[in-house]
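Biologist: I am new to this structure. Please take me through the terms one by one.

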Amino acid sequence: MRKRYSLAYNLAIFILAQIVWLALLGLWIYWYVSNYLIFEKVGEKVSPQIVIDTPNVFPFVGGIVLLVGLSFSMVLIFRHLNVQIRLTRLYDNFIANITHELKSPLSSLQLYLETLNTRIVPPEKQKEFLEQMIRDTARLQKLISTILEISALESRKNKANFELYDCCEIISRLLKEAAEQFRLEDNTIDFNCDSKANISIDVNALKMVIDNLIDNSIKYTTGELKINVSVKTSLNKVEIHFTDNGIGIPPQEQKNVFQKFYRIYDADIPNVKGTGLGLYWVKEIIKNHKGKISVKSEGKGKGTTFIIELPIVKKPHEGRGKNE
């Protein structure tokens, strides 16, 4: 709430400053015009010994230019201030999310270790504790790797290993692997592909894209999860439509979901965990593949569709070499 008030305060100051500049400009114009009209009316009747200079147009025009410049500068200052406030809010959210993501597995690890250290635990329970501790450490490792991968993507330090794959085969394989990883029921994901196209991808990177989209669907679905993935060929590109039956995304939120640290809050699912980096990561990976990603949703409770566009690559015997 504090940041909202700060934004409103800055907006009020900006509007007040603009009113002051416009009022000053109006007074300046009024002074110039009134003096000019007075001179036009009485100038010829005044004694020749009295020298009356007409208002000089150059200071007048110069003053207007300066005022307009100051007004434009105020607009730029306000715009940059607004961007900084927004970035500060996003970073605050990120720190809060990261703190929560780190605290939960660390607290779990501490609890299990203290229990093992202070009590006699049966072998069966020890095995259960150790398995949970391994899962918690894997969760921490994944979180750290995500942050490091984001940094590498932005700085372009990571070198993707692009290879040529049949579109239907590779996506089907990655979906099956993801279903096993997330322990989904056999009928959870419905896959349809009518494309015979080839795409040049880093298979590990595309796996991260699919894993993140499925993870989002799981987090933001309150009932039985259903995912439909369809692949279509359009001119020189492949379109992958990833649709779930989750809570959906409000229209005003759709343009923001790919921004770094941005997370959608929904009162129906208040305890969704995450860092706000998943979809940003997805966007950067697709961009590295010279593709595009967009999102569609008819609103709350009506599911979400992510559309991934990747360029088609022809094999050498089809008239084009392999795309590296």
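Biologist: Which helix does Phe 72 lie in?

Modeller: Phe 72 lies in helix H2, residues 57–118. Helices are DSSP runs of H or I, at least four residues; strands are runs of E, at least two; both are numbered from the N terminus. This is a predicted model: local features need pLDDT of at least 70, side-chain atom pairs count only at pLDDT 80 or more, and totals for chains, interfaces and linings use all residues. Residues are numbered from 1 along each chain as its sequence is written, and side-chain values use heavy atoms, with hydrogens and water left out.

Biologist: Why is Phe 72 called exposed?

Modeller: Its relative accessible area is 52%. Exposed means over 50%, buried under 20%, partly exposed in between (1.4 Å probe, protein chains only). So Phe 72 counts as exposed.

Biologist: Which residues in helix H7 are buried?

Modeller: In H7, residues 278–288, they include Tyr 280, Trp 281 and Glu 284. Lys 290 follows H7, with a positive phi near 60°.

Biologist: What makes a space a cavity?

Modeller: On a 1 Å grid over the protein atoms alone, it is a set of points where a 1.4 Å probe fits but cannot get out; lining residues have an atom within 4 Å of a point. One cavity of 30 Å³ or more is counted.

Biologist: Which element gives the most to the lining of the largest cavity?

Modeller: H5 does, with four residues. The lining divides into ten nonpolar, no polar and no charged residues.

Technical notes: 1 Å grid on protein atoms, 1.4 Å probe; cavity = no way out; pocket = protein on both sides within 12 Å on 5 of 7 lines; lining within 4 Å. Points joined across faces, edges and corners; volume = space filled by probe spheres on them. Nonpolar A, V, L, I, M, F, W, Y, C, P; charged D, E, K, R; others polar.
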